[in-house]
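Please look through the sequence and the fold shown here before reading on.

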Amino acid sequence: MCRIMIGDSAAAKLGAVPLSNDTVARRIVDMSNDIREQLIEFVKKSPYYALQLDESTDIAGQAQLLTYVRYLRDKAIEEDVLFCRPLQLHTTGEAIFNVLNIFILENGLAWDRCVGLCTDGAQAMTGRERGLAGRVQQVAPLVKWTHCMVHREALAAKKMPVLFDSVLNQYVKMINLIKSRPLNSRLFGVLCQEMGSGHEQLLLHTEVRWLSRGRVLQRLYELREEVKWFLTEIKSDLAKHLEDTMWLASLSYLVDIFDRLNGLNLSLQGRGTHILILADKVHAFTQKLDLWHGRISQGNCDMFPSLADFITDAGTSHDFSSLFQSASEHLSAMRKQFATYFKEDYRSFAWVRDPFVCTANELSIDMQEQLIELKSDSRLKELFNPCPLSSFWAALMQEYPELCDVAMKILLPFASTYLCEAGFSKMTALKTKYRNRAQIEDDLRLCLSNIEPRIGDLCKAKQAQKYGGPGSELSLTDWKAQVENLAGLQGLSASQKTQFVVNSLEGKAKREVQAAPEATRGTAQAIFDFQVGQYSDATPVAVLRAQFFNCKQGPRQTLRAFALRLREQFARLKG
């Protein structure tokens with residue numbers, strides 16, 4: 001409009017005005033709404049869907065409800081974040097259900113196609129009458145509630161015998177004595193440096209972190225000599241425990257058993273998991289508990305490397321029979337705890353894991369006939385091994401609808417709240433970096449300026465930038481392309497175009513061209529060639545690409561510095 005009414009020069013000046021914060025924010029909101037609408041349409045087209053949700057309090061004290069959805073799309077199971085909304089007042093089962101129900105109804109999703117609901121074991125989630133699970137089951141007849149298997153594993157491993165529980169309490173006191181006092185923490189770090197230790201600090205234990213206890217025990221055991229020396233120097237009574245052979249042997253056993261528990265915990269985490277594969281992992285661990293219980297009852301501890309090495313170093317002068325007895329009782333009690341928390345029996349769904357080997361006598365006659373036809377199809381046998389289990393059954397929805405219907409109701413529901421926990425961790429990590437609104441706004445504005453060109457492309461809107469030479473906010477490639485484009489639009493002569501290119505440069509780049517020989521600055525193309533020779537990056541593209549995609553924020557690096565680093569590497573990659 002400006003070009004038609006006033007002219008190209010006025011239009012160029014108007015185009016040089018950068019986008020406002022409101023414009024960028026509006027585009028982000030529009031893109032977010034578009035993504036949400038696409039996700040809702042995908043869920044509507046899916047025959048079934050499953051939900052995973054959890055509630056947590058953010059750094060501002062606001063309760064947040066985070067919900068993920070899993071659905072079938074293009075013969076594959078997809079999982080995405082559905083919404084994150086605040087709980088304004090209470091965090092009861094009724095309040096959580098109201099927020100969830102309003103979202104489902106507002107977006108036209110059908111409760112009768114929801115087949116899975118996965119939460120933690122909080123009373124607000126699990127109550128049969130007032131809890132979320134009970135209320136959802138009243139409106140969704142097909143839904144099956146699943147208690148997060150990672151949470152259940154943590155609960156099953158929580159109970160400890162008296163001997164080991166006292167060791168845990170004492171090690172917490174040792175760590176708190178050192179870590180809770182800044183001076184002690186600094187002195188201990190210097191001590192570790194002087195002794196050439198592999199670590200310089202202890203770790204703090206946090207109950208809500210699944211792997212916390214195992215990692216804290218491992219670090220304390222590795223630094224036990226340094227801790228003993230430090231506690232002795234400050235005349236703490238806790239130092240006597242690190243001189244007690246039985247106490248250290250108990251600590252080494254705890255290091256080993258919690259390392260095993262951490263391994264199980266990690267195997268239960270991740271995306272794309274389903275109840276069958278996680279149940280197999282838990283079943284395998286319970287069988288290992290039986291094996292370890294039998295061997296340690298016989299005085300054999302070779303399955304626990306830290307304990308075995310400690311006993312070997314201690315020699316035959318010490319009697320560890322009482323420790324073996326306590327460890328045996330602990331393993332036996334843990335086995336019972338796992339049996340209590342994992343009561344489900346999924347053996348009847350063995351045909352879902354491998355339909356070409358297992359039988360399914362519990363199925364109806366029609367479904368058994370379909371299973372026989374499926375087993376006899378050699379084409380499907382070739383497809384089964386390389387294909388993920390969920391994708392295999394999703395691909396057969398049209399051919400074997402009844403079998404696939406049962407299989408998808410087993411594979412689609414979430415088995416853990418891992419995605420919610422990971423989402424809350426990222427949310428907390430981001431918010432803890434900021435303490436005031438101004439800092440948040442400054443860094444967000446910087447991030448928005450970095451992604452602004454990409455937003456303009458996605459919104460199919462032409463975006464004008466300030467033209468500058470190398471070293472300005474534009475990369476060399478962008479500067480050259482935009483200057484050529486402007487010069488062509490204005491219909492300049494050769495000499496005018498040359499002068500226009502010189503005027504578009506800034507700072508050092510402009511001074512270098514003005515001081516260059518006549519042949520170097522005689523034409524616009526000569527100036528372009530000179531700039532490429534001066535400022536182009538000789539680093540191979542593969543190296544630049546690897547540097548950009550491998551760039552990570554440092555532990556003490558601010559968001560502003562990290563964004564500038566990303567911006568610099570992206571400009572080099574484009575150039």
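What follows begins with the chain as a whole and then turns to particular elements.

This is a predicted model, in which local features need pLDDT of at least 70 and side-chain atom pairs count only at pLDDT 80 or more, while totals for chains, interfaces and linings use all residues. Residues are numbered from 1 along each chain as its sequence is written, and side-chain values use heavy atoms, with hydrogens and water left out.

The chain has 29 helices and 5 strands, these being DSSP runs numbered from the N terminus (helices H or I, at least four residues; strands E, at least two). Of its 575 residues, 41% count as buried, where buried means under 20% relative accessible area and exposed over 50%, with partly exposed in between (1.4 Å probe, protein chains only). Among contacts (heavy atoms within 4.5 Å) between residues at least 6 apart in sequence, 65% join residues at least 24 apart.

Helix H8 (residues 162–179) packs against helix H12 (residues 245–268) at an angle of about 95 degrees, with the axes 10 Å apart; axes are lines fitted to C-alpha atoms, for helices over the stretch in contact, and angles run from 0 to 180 degrees between N-to-C directions. H8 is therefore roughly perpendicular to H12, a term for angles of 65 to 115 degrees. From H8, the residues Leu-163, Phe-164, Val-167, Leu-168, Gln-170, Tyr-171 and Met-174 meet Trp-247, Ser-250, Leu-251, Tyr-253 and Leu-254 of H12.

After H9 comes Gly-196, whose phi is positive, near 65 degrees.

Phe-320 lies in the loop between helix H14 (305–314) and helix H15 (321–341), and it counts as buried because its relative accessibility is 6%. Leaving aside neighbours within four places in sequence, Phe-320 is in contact with Thr-245, Met-246, Ala-249, Phe-310, Ile-311 and Ala-314. One of these, Ala-249, is 71 residues from Phe-320 in sequence, and the two are 8.3 Å apart in space, C-alpha to C-alpha.

Conventions. Parallel < 35°, antiparallel > 145°, perpendicular 65-115°, else oblique.
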